[in-house]
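I opened the notebook to record what I looked up in this model.

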Amino acid sequence: MRTVLVTGPGGAGRTTVAAATALAASRRGVRTLLISPDDIPGFPSSTEPARVTDTLWSVRTDSAEHFRAELLALQDQLSGVLGLLGGNRLDAEELTELPGSGQLALLQSLRRAARGDWSRDGYDLLVVDLPPLREALAVLALPEQLRRYLRRLLPQERQAARALRPMLAQLAGVPMPAQWLYEAAARRDAELAEVQALIEDRATTLRLVAEPGPAAEDALRTARTGLALQGLRVDALVANRVLPRHSPDPWFAALAAQQEKCLDHWREEWAAEAPPRELPHLGRDPQGPDDLTALAAPAGGDGAPAVAVDDRGTGRAEDPWWIEESEAPDGPDVPDGPGGPGGPDGILVWCLRLPGAVKKDLQLVRRGSELLLTVGPFHRIVPLESALRRCTVSGAALTDGVLRVRFTPDPDLWPRTG
């Protein structure tokens with residue numbers, strides 16, 4: 001299944017473009033599901049997939065209902081503890097959703113779509129109307145972050161066999177975590193893994209929607225590095241509500257000229273990744289499928305992720321982060337061997353494409369088997385490849401939008417061959 005995630009700076013019309021994208025794909029005979037938190041004019045408002053056309057279905061995420069269902073389920077799991085503490089159960093009608101519940105409801109919808117819960121035959125294309133750009137980046141990073149928290153707080157390999165738990169509790173002097181807690185963590189980890197797999201799938205791309213102008217230009221410039229840091233592939237930059245370029249009205253002409261100046265910058269900055277696709281301003285808010293069709297939005301699957309090319313001319317659209325071997329510096333500390341038990345011949349260089357990154361905003365910390373990356377306001381903790389875990393970080397350099405981190409094999413972990 002192909003997945004197109006649609007987001008952009010607030011107020012740019014991303015919901016309209018998401019609906020237009022889904023409709024354009026369905027008119028090509030592509031079985032398409034649109035997921036959105038908003039009511040869309042001309043589309044049914046249903047929390048289960050409802051048919052729009054013969055090949056298009058839409059579903060609205062209900063964050064309030066999801067919050068109530070999750071909290072009631074958790075309350076049932078904790079019923080024994082609550083009873084001992086004298087707690088009073090909460091009823092569904094008195095529950096009001098808390099901030100952040102919309103994000104979790106969206107992840108749940110993505111999981112259900114990935115599992116095929118909503119269709120026996122499945123869909124060819126999934127179009128997802130995400131929150132505004134900065135919030136969308138946080139949502140898409142959430143599955144990986146939450147799974148890491150679960151592994152650190154409740155490592156599955158540390159849970160004791162049930163028969164040993166009373167004895168260990170006496171020895172430790174503290175009660176051991178209940179088995180249901182590990183089981184609940186394992187279920188949640190599996191659910192998050194399904195969503196993470198969908199987000200990281202090579203068939204998943206991001207579609208940026210922005211109305212040309214200074215504010216959108218600044219927002220995209222800031223977010224561009226965050227997109228790359230999360231490994232998200234952009235398939236199109238949709239310039240929405242583009243005004244006619246020629247008008248006798250001076251005020252109208254000035255706005256069009258400002259848009260054109262911004263579009264020139266986007267054509268230059270995004271040429272290799274996602275050349276701008278322009279959608280016209282209809283002079284009104286789109287009201288239904290006919291107006292969405294008039295926008296002529298690119299269908300899901302149009303365009304392709306950018307291809308980064310290395311020194312050997314190898315296209316890397318499929319993997320924006322890669323490892324290269326470099327010649328070893330002179331000295332006796334580098335192990336022998338061509339990548340086998342004796343280690344690589346030289347140093348290993350981990351290359352990370354980070355377009356728009358600035359050296360002064362870049363921080364890099366090695367922590368055990370992970371690399372902590374900070375680029376401006378964006379942060380990610382990345383697990384190292386197995387080969388890199390047996391090396392020490394010996395330097396890093398940012399050149400032409402690519403961060404190259406040098407790893408020198410550790411003689412203690414790469415033993416010499418005799």
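Among contacts in the chain between residues at least 6 apart in sequence, what percentage join residues at least 24 apart? I found 68%, with contact taken as heavy atoms within 4.5 Å.

**Ground rules.** I am working on a predicted model, in which local features need pLDDT of at least 70 and side-chain atom pairs count only at pLDDT 80 or more, while totals for chains, interfaces and linings use all residues. Residues are numbered from 1 along each chain as its sequence is written, and side-chain values use heavy atoms, with hydrogens and water left out.

**Whole chain.** I counted 11 helices and 15 strands in the chain; helices (H or I, at least four residues) and strands (E, at least two) are DSSP runs, numbered from the N terminus. Of the 418 residues, 43% are buried. For burial I used relative accessible area with a 1.4 Å probe and protein chains only: under 20% is buried, over 50% exposed, and in between partly exposed.

**Nonpolar cores.** I defined a nonpolar core as a set of buried Ala, Val, Leu, Ile, Met, Phe, Trp, Tyr and Cys residues joined through side-chain atoms within 4.5 Å. The largest one holds 61 residues, and those with the most contacts inside it are Leu-33, Leu-206, Leu-208, Leu-227, Trp-266, Trp-270 and Trp-350. A separate second core has 25 residues, including Val-6, Leu-23, Ile-40 and Leu-279. In soluble globular proteins, nonpolar side chains tend to be buried together.

I then looked up the surroundings of Leu-227. Not counting residues up to four places away in sequence, Leu-227 touches Leu-133, Leu-137, Leu-206, Leu-208, Leu-232, Val-234 and Trp-270.

Leu-232 was the next stop, in the loop between α8 (214-229) and β7. Is Leu-232 buried or exposed? Leu-232 counts as buried because its relative accessibility is 12%. With residues up to four places away set aside, Leu-232 touches Leu-137, Leu-140, Ile-199, Leu-206 and Leu-227. Its C-alpha atom is separated by 6.8 Å from that of Thr-205, 27 residues away along the chain.

Helix α1 (residues 14-26) has 13 residues and should span 18 Å at 1.5 Å a residue; I found its end C-alpha atoms 18 Å apart, which agrees. The expected span is 1.5 Å times one less than the number of residues. Of the 13 residues of α1, 12 are buried, among them Arg-14, Thr-15, Val-17, Leu-23 and Ser-26.

I ran the same check on α4 (residues 101-115), where 15 residues should span 21 Å and the end C-alpha atoms are 21 Å apart, in agreement. The buried residues of α4 are Ser-101, Ala-105, Leu-106, Leu-107, Ser-109, Leu-110, Arg-111 and Ala-113.

In helix α5 (residues 133-153) I looked up Arg-147. Arg-147 counts as buried because its relative accessibility is 19%. Beyond its neighbours within four places in sequence, Arg-147 is in contact with Asp-189, Leu-192, Ala-193 and Gln-196.

Arg-241 has a positive phi near 60 degrees and is found in strand β7 (residues 234-242). With a relative accessible area of 25%, Arg-241 is partly exposed. Asp-400 has a positive phi of about 50 degrees and lies in the loop between β14 (391-399) and β15 (402-409). Asp-400 counts as exposed, at 78% relative accessibility.

**A proline in a loop.** Pro-377 lies between β12 (370-375) and β13 (378-383). Leaving aside neighbours within four places in sequence, I found Pro-377 in contact with Arg-134 and Thr-222. Pro-377 and Asp-361 are 16 residues apart in sequence and 8.5 Å apart in space, C-alpha to C-alpha.

**Cavities.** The structure holds 3 cavities of 30 Å³ or more. A cavity here is a set of points, on a 1 Å grid over the protein atoms alone, where a 1.4 Å probe fits but cannot get out; lining residues have an atom within 4 Å of a point. Grid points are joined across faces, edges and corners, and a volume is the space filled by probe spheres set on the points.

I looked up the second largest cavity, with a volume of about 60 Å³. Its lining includes Leu-34, Asp-38, Ile-40, Phe-43 and Arg-60. Which strand gives the most to this lining? β4 does, with 3 residues; β2 (32-36) and β4 (56-60) each supply at least two. The lining divides into 5 nonpolar, 2 polar and 3 charged residues, where Ala, Val, Leu, Ile, Met, Phe, Trp, Tyr, Cys and Pro count as nonpolar, Asp, Glu, Lys and Arg as charged, and the others, Gly among them, as polar.

Definitions and conventions: On a 1 Å grid over the protein atoms alone, a cavity is a set of points where a 1.4 Å probe fits but cannot get out, and a pocket is an open set with protein on both sides within 12 Å along at least five of seven lines; lining residues have an atom within 4 Å of a point.
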